[in-house]
Amino acid sequence: MKIVDAKVFVCCPGRNFVTLKIVTDEGIYGLGDGTLNGRELAVASYLSDHIVPCLIGRDPFQTEDIWQYLYRGAYWRKGPVTMTAIAAVDVALWDIKAKALSTPLYNLLGGKSRTGVMVYGHANGKTIAETIDEVGRHVECRYLAVRAQCGIPGLGGTYGVAAGREPYEPAQKGLPSEQAWSSEKYLQFIPTLFAELRKSHGDDVHLLHDVHHRLTPIQAARLGKALEPFHLFWMEDPVAAELQEGFRIIRQHTTTPVAVGEIFDTVWDARTLIAEQLIDYLRMSLRGGGLTPLKKIAAFAEMHHVHTGCHGATDLSPITMGAALHFDIAVPNFGIQEYMPHANVTLDVFPHGYRFADGYLYPADTPGHGVDFNETLAAKFPYERAYLPVSRKLDGTLWNW
Ligand code: CS2
Ligand code: MG
């Protein structure tokens, strides 16, 4: 089998997505996701200008060799644009391989290790009362795990809080908006939110929270300690993670489990975190180079009692969600999968076979990863410039969003 063509599509059905379609001489095609929120066109160019010409004529079954060719062979390693582009190719090739062998992708990854993939949904409220209601709505829909985010009194909009009644979507059309931030106000407020959530919803539902890189290690240690009575499933991205050693401070002070990694590109971003057991869950999904490296990273994590918790925000297309579910159902040290459902207009462009029932997602049982792409419909939704917001402290200093 040989690759005869590869096409890159950029479309905006509700939000922007970059999609790669690799076509073989036997007519089988594979689909990969190359979406990098706010930097979509850079990945599209990396793929069409620099990668696609190198793929033509290659054997799509050689997932390992092609991955090494694109990673080592470029000389310039790592970086979000490169790794997102490689991920698109890698996932498309695994899709082709599974389709050619006429089996669901999970069978090439070790087969099913569990019956379903536990997911967590997002409860986002402007006030504690709204967040309590949102968690309740998820419990009614039979979610077993819910991430709770809330507006902070005294600050305007913040991460995780929608402007109106529509579902939260962090990227906004146009240039980046600015949001005010105060770690002091946040630290004062969040323990009260979780105390109220436990009062209203009891101890059974798993509660999660995303700090979104905003604290310093000692502040994160304080938050983790304050949240211990409410036994969170995890505290996510408590600090920006360039300095992996910084997590030692958090670990020395609190037993609240820590999850990190949605912006990591390679295992090197997490090597110390995993080897020193400074985290409990690794949030990398397929965007960091695809399935080929994620399998290896998960095996390394397994040796160190670290579980997976794949990123599943709406800026990863249904292709990433669909393929991640095959990984989740197969990997021995699976922890949880984030599930932020896509808008219906997005799902129309990406017909898919995965489904939600009683707190679990189930991957498609059809050959490949089970997510398709409607090119004709996608063409009706051209790219629209959109960015994530930026954060500034109350004195104007630029801070982590
Ligand atoms: C987030 C994301 O899902 C998460 O945990 O942190 O919403 C993140 O902000 C976006 O993926 C950014 O593109
Ligand atoms: Mg996050």
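## Cavities in the model

The structure, a predicted model, holds three cavities of 30 Å³ or more. A cavity is a set of points, on a 1 Å grid over the protein atoms alone, where a 1.4 Å probe fits but cannot get out. Its volume is the space filled by probe spheres set on the points, which are joined across faces, edges and corners. Rolling a probe the size of a water molecule over the atoms shows where empty space is left.

## The largest cavity

The largest cavity contains about 80 Å³ of space. It is lined by 13 residues, of which Q149, T158, Y159, Y186 and D210 are the closest to its centre; a lining residue has an atom within 4 Å of a point. Two or more lining residues come from each of β5 (145–150), α5 (183–201) and β8 (206–210). These elements are DSSP runs numbered from the N terminus: helices are H or I with at least four residues, and strands are E with at least two.

By class, the lining comprises seven nonpolar, four polar and two charged residues. Ala, Val, Leu, Ile, Met, Phe, Trp, Tyr, Cys and Pro count as nonpolar, Asp, Glu, Lys and Arg as charged, and the others, Gly among them, as polar.

## The second largest cavity

About 60 Å³ of space lies in the second largest cavity. Its lining includes L282, M284, H307, T308 and F327. Both α9 (291–302) and β12 (307–308) give two or more residues to this lining, and α9 supplies the largest share, four residues. Nine of the lining residues are nonpolar and two are polar, with no charged residues.

## The magnesium site

D210 (OD), E236 (OE) and E262 (OE) coordinate the magnesium ion (ligand 2) at 2.0 to 2.2 Å. Donors are N, O and S atoms within 2.8 Å of the metal (3.2 Å for Na, K and Ca); water is not among the atoms, so sites may look incomplete. The spacing of the donor residues in sequence is D-x25-E-x25-E. D210, in strand β8, and E262, in the loop between β10 (258–260) and α8 (271–275), are 52 residues apart.

D210 is buried, with a relative accessible area of 2%, and E262 is also buried, at 12%. Buried means under 20% relative accessible area, exposed over 50% and partly exposed in between (1.4 Å probe, protein chains only).

## Surroundings of ligand 1

Ligand 1 is surrounded by 14 residues, the closest being N37, H212, E262, D315 and E338; each has a heavy atom within 4 Å of the ligand. A side-chain N or O atom of E262 lies 2.6 Å from an oxygen atom of ligand 1. For H212, the corresponding distance is 2.8 Å.

## Basis of the values

Residues are numbered from 1 along each chain as its sequence is written, while chains are lettered from A and ligands numbered from 1 in the order in which they are written. Local features need pLDDT of at least 70 and side-chain atom pairs pLDDT 80 or more, whereas totals for chains, interfaces and linings use all residues, and side-chain values use heavy atoms, with hydrogens and water left out.

Note on methods:
On a 1 Å grid over the protein atoms alone, a cavity is a set of points where a 1.4 Å probe fits but cannot get out, and a pocket is an open set with protein on both sides within 12 Å along at least five of seven lines; lining residues have an atom within 4 Å of a point. A polar contact is a pair of N or O atoms within 3.5 Å; within protein, one must be able to donate a hydrogen and the other to accept it, and residues adjacent in sequence count only if both atoms are side-chain atoms.
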